[in-house]
Structures are given as C-alpha cells and as structure tokens.
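Student: I would like to go through this model piece by piece. Can we take it as questions and answers?

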Amino acid sequence: MDTYTYIIDNNLYINLTNKCSNRCVFCVRNKDTYGGYPLWLKSEPTFEDVVKSAGDVSSYNEIVFCGYGEPTYRVDTLVELGKHYRTLGKLVRINTNGHGNEINGKNIAPLLAGAVDIVSISLNQSDSEKYDAICKPIYKVGAFEMLLNFATACKNQSEFTTQLSIVDVPDVDITACQKVADSIGVALKVREYIDID
Ligand code: SF4
C-alpha cells in the first residue's frame, strides 16, 4: 500500500511524487523508509487519495508537501490540496528544491497564491559549484540560479511567505548562505540536522 501521507512531529506530510530534478547526496530517498514510512510510490495519488489518506487533519500543526520527491512536479494537485486545507484553517507549507518553474515550463509562483502559507526553498549551499556537487541536478547548468529566480518570483507574491533553507552541517557556510539570501531579500532558515531512520 502506498504512503500518500505521513506524520512527523505532529505535522501531516503529503507525498505526491517520487520524481525529482536533483539527486542530492544527502537525500532521504537513499533510504528505503523515512521515519518508518515507506515513501516509494507505485502510483502517484489523486486529490481524493490524499484527502482519504489524511483523514481528520484538525489536530496537526501544519500540512507540508514534502516526500520522496519534488512536489512541484504535481503542482495542479498540490494547489488543489493546499486550497482545500487552507479552507479548513490549516497552515500549509511546501518544501521545494526551487526548480518548479523549469519543471512546469512556466512561472508557477502565482499559482501558489491562496494554496500555501509558506514556500520553503532548499538553498543547500552558497554557490552554484557547491550546489551542483552535492545536489547533482539533472540540469547541466544553472540549477542554483533557477532556485534563486524562483525564490525571487515567490517573494513577489504577497499572499505567502518565502524562505530559503539550509541545514546546519559543517560543509555549509552559513554566513555565505545568509549573503545569498540577503542579496534577493528573502529570509534564511537554518535547520538543525536531524537523522531519522
Ligand atoms: S531535492 Fe529533495 S527530494 Fe530531490 S534529491 Fe534533493 S533532497 Fe531528495
């Protein structure tokens, strides 16, 4: 049975797809399960599949689009679900690698208005060379710039909050990442490294 939704720290996570435009060396997809959940999908869920899997969401702190893949590959379903859960009064976040505009061949930032409260874009590193080395994007050039352009497009949407995120590990220069975030006027969230089996 596919895992369309899973719960960690009282947040409901939605696993829309296993497709991704990166092959990050640290990706949780390198494990068979995450938080005890098998997140490899045999088929991608519909709106109805997710709603049925999630059940009563009233007690969760947040609804988060984040799975074994990049959620913007399913932007239409993501928007539909996000609007549904926001109508129920839930806080909705998307964790994304920021390649959504290239993936969809258009600027998807306006579509997210009304569907999400927070767009959290994984910056991962402070420059293109370091990013390519650890994220191994399918795009041979410009993947880092793509995510910065997406962050700028999202920042221009006033209906939701945009942030870049990094994980506090020794290889990441937080000061340099902060400068990158400052250069485009977006907040930087520094996350603690948590290893979950
Ligand atoms: S962007 Fe996210 S889902 Fe994709 S490979 Fe990197 S960590 Fe994994």
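Student: By class, how many nonpolar, polar and charged residues does the shell around the ligand have?

Tutor: First, the ground rules: this is a predicted model, in which local features need pLDDT of at least 70, side-chain atom pairs count only at pLDDT 80 or more, and totals for chains, interfaces and linings use all residues. Residues are numbered from 1 along each chain as its sequence is written. Ala, Val, Leu, Ile, Met, Phe, Trp, Tyr, Cys and Pro count as nonpolar, Asp, Glu, Lys and Arg as charged, and the others, Gly among them, as polar. The shell around the ligand then has 4 nonpolar, 3 polar and 3 charged residues.

Student: Which residues are around the ligand?

Tutor: A residue is near a molecule if its C-beta atom, placed from the backbone, lies within 6 Å of it. By that test the residues around the ligand are C20, N22, R23, C24, C27, R29, G69, E70, N97 and C135.

Student: Are α5 and α6 roughly parallel or roughly perpendicular to each other?

Tutor: Helices are DSSP runs (H or I, at least four residues) and strands likewise (E, at least two), numbered from the N terminus. Axes are lines fitted to C-alpha atoms, for helices over the stretch in contact, and angles run from 0 to 180 degrees between N-to-C directions. The axes of α5 and α6 are 8 Å apart, at an angle of about 105 degrees. Angles under 35 degrees count as roughly parallel, over 145 as roughly antiparallel, 65 to 115 as roughly perpendicular and the rest as oblique, so α5 and α6 are roughly perpendicular.

Student: Which residues of α6 does α5 meet?

Tutor: Contact here requires C-beta atoms, placed from the backbone, within 7 Å. From α5 come S128, Y131, D132 and C135, and they meet A143, F144 and E145 in α6.

Student: How are α1 and α2 placed to each other?

Tutor: The axes of α1 (residues 47-54) and α2 (residues 75-87) come within 10 Å and cross at roughly 40 degrees. Therefore α1 and α2 are oblique.

Student: Which residues in α2 do F47, V50 and V51 meet?

Tutor: F47, V50 and V51 belong to α1. In α2 they meet T77, E80, L81 and H84.

Student: Is P45 buried or exposed?

Tutor: P45 lies in the loop between β4 (37-38) and α1. A residue is buried if 20 or more other C-beta atoms lie within 10 Å of its own, exposed if 12 or fewer, and partly exposed in between. P45 has 23 such neighbours, so P45 is buried.

Student: Which residues does F160 touch, not counting residues up to four places away in sequence?

Tutor: F160 sits in the loop between α6 (143-155) and β8 (161-168). F160 is buried, with 20 other C-beta atoms within 10 Å. With residues up to four places away in sequence left out, F160 touches L112, A113, V116, D117, I118 and V119.

Student: What is phi of K136?

Tutor: Most residues other than glycine have a negative phi. K136 lies in the loop between α5 (128-135) and α6. Phi of K136 is positive, near 45 degrees.

How values were computed: Contact = placed C-beta atoms within 7 Å.
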